[in-house]
Amino acid sequence: MHLTFVDWAIIALYFAINLGIGFWYARRASGDVGEFFLSGRSVPWWLAGTSMVATTFGADTPLVVTGLIYKQGIEGNWLWWSFALSGMLTVFFFAPLWRRAEVLTDMEFAEIRYSGKPSAFLRGFRALYLSLPVNTIIMGWVNLAMAKVLNLTLGMGKLQAVFVCLTVTLIYSTISGLWAVLWTDVVQFILKMSMVILLAYFAVRGVGGMDALIAKVQQSDALRGAHTLQFFPHTGESFFLSFLVLLSLNWWASWYPGAEPGGGGYIAQRIFSAKDEKNSLGATLWFNIAHYALRPWPWILTALVALVLLPAAGDKEGAYIQVMIRFLPPSLRGLMLAGFAAAYMSTIATHLNLGASYLINDVYGRFLVRGREPKHYVNASRVATLFCALLSGVATLYMDSISNAWRFLIAVGAGAGLVFILRWFWWRINAWSEIAAMTAAATISLTLQSRAGLAVVHALQHIDSRIPSVPLNTDDPHGFAWLMLITTGGTTLIWFAVTMLTKPEPATTLQSFYDRVRPPAAGWKQFAPASARGEKTLQWNTLHWVLGSSLIYFALFGIGNLFFRRVADGLLMLLVSAACLALLFRSLNRQNWSMFR
């Protein structure tokens, strides 16, 4: 793709703005790790929420959506649409509790909820597990997406592309911490959303308009025996079992970045940084509405154009970039590349900051070097940020599919999610519950994906003949579904047994946690005051969760129906979504946006 001097000037200006923001906040972030990682806990809801939205829109996201549509049609997006249920759970059940916990990272939670050596081990183990293998895999697939973009547009090799992108992101995220990440996220979100909307417009216009696109997709479906435009799979489709698993189990059982059961990761980090409980709730609510209801359709429309124009594309995820090269006017190419850079940088900067916070706050400062001055830990945080970046660059060299990495991470954490939910609501959960859940999930999942799990596959074939005679893998719809079911079931049995066979946490630790966080009294009756035991908090929050989830799905499918000329259905769904939003805000205002007493 040929770039003019103006294109390069636009790209340079974009990078200059980001670096300028980084240097502007450098001094403010140098005070202590609270400023570096949490912006002094003074962030308003709209800034924290927009940062969450920007982070979940990485350079990988439109490419993965394109790959899913090639393989399963629009319904394939239930791989991530299902997590809206988990996201809304975080809004109404966990955001206020996380804010009350007053911790620096979600790993620190272990030592206020549990006690003794098991809690310290859990904190260190989970910090290392999430900051090194998990965070590295996430950044690796985001690097891979940006490398694909630069390879197809500028002809850069994978290693060269990763080096260029990481270098610029490192400069501003290393010197200025979360403040720079938040404000650059706002700039990046506006830019990248504007560009993907423009790309969708030019792509659809390039194939003759929306009616022509629908007709061409239907012609392609007739040749392939597919149903690309449907939102839900039919019972006879191979994806149907996966859909049932995703909608009934995946959202509460699996750990996934941005949709962790019980909250966590960079979502929790933004909650910690919010001014107060009300702002933390507003931030997560805005994030989930924007992420699931407002943002997907520009990606989907461009992916449909790719499907009809490049049906035999070798790199189906990269077909999104091919559409950009083909249809985007030359005058906008520089802005589009800047938009992809924005998508990449917002995600990478967040994960660099998050990974460094785990390494420094939960490992280095907790176990290795204690009691030093704040500036020492800020400098160590910058070194840790660089270390995380280098690991992610190495991981990228061994990756070739973004969507497979997504599914792998979902499967490896299957079953542990219920512990992360119940630890807030049931006093009996202890440190060994979490340790057992994480260990069992990874062990069972990895075993089933290796040749050691072939005996299980042969047994399953008597139940489901569609499973291929290979280890269960995330790329096959039935294999993925059974992998999730077995991993979740086995993990749940193990962690529950471990919980019942080990001692509960000391009463003093549990009382201290209850007094600090004040969760609903139902699972904490012996620690809650008598005045709290009859409260109906859980009932109200469940109603809010139903309303919030409904407004997202009705808005999502209402907008989609309008695009596909099903006007009556679309308007009705949008009306229902608006009604859910009105009822939700009315209830929240009556409670002064306070979910718990």
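In the predicted model described here, Phe340 touches Ala59, Pro62, Leu63, Met146, Val149, Tyr320, Ile321 and Met324, leaving aside residues up to four places away in sequence, where a contact means heavy atoms within 4.5 Å. Because the model is predicted, local features need pLDDT of at least 70 and side-chain atom pairs count only at pLDDT 80 or more, whereas totals for chains, interfaces and linings use all residues. Residues are numbered from 1 along each chain as its sequence is written, and side-chain values use heavy atoms, with hydrogens and water left out.

Phe340 is also named, together with Trp141 and Phe564, among the residues with the most contacts inside the largest nonpolar core, which has 200 residues. A nonpolar core is here a set of buried Ala, Val, Leu, Ile, Met, Phe, Trp, Tyr and Cys residues joined through side-chain atoms within 4.5 Å, and buried means under 20% relative accessible area, with exposed over 50% and partly exposed in between, for a 1.4 Å probe and protein chains only. Helix α10, covering residues 158–206, gives the most to this core, with 18 residues.

The protein chain as a whole contains 26 helices and zero strands, these being DSSP runs numbered from the N terminus, of H or I over at least four residues for helices and of E over at least two for strands. Its radius of gyration is 24 Å, close to the 25 Å that the globule rule gives for 597 residues, so the chain is as compact as a globular protein of that length; the radius is taken over C-alpha atoms, and the rule is 2.2 Å times the number of residues to the power 0.38. Of the 597 residues, 62% count as buried, and residues 24 or more positions apart account for 81% of the contacts with a separation of 6 or more.

Two buried residues illustrate such surroundings in individual helices. Thr66, in helix α5 (residues 60–72), counts as buried at 0% relative accessibility, and, not counting residues up to four places away in sequence, touches Ala303, Ala306, Lys316, Glu317, Ala319 and Tyr320. Phe420, in helix α20 (residues 417–425), counts as buried at 3% relative accessibility. With the same exclusion of residues up to four places away, Phe420 touches Arg126, Trp255, Pro261, Gly262, Glu434 and Met438. Phe420 and Arg100 are 320 residues apart in sequence and, C-alpha to C-alpha, 17 Å apart in space.
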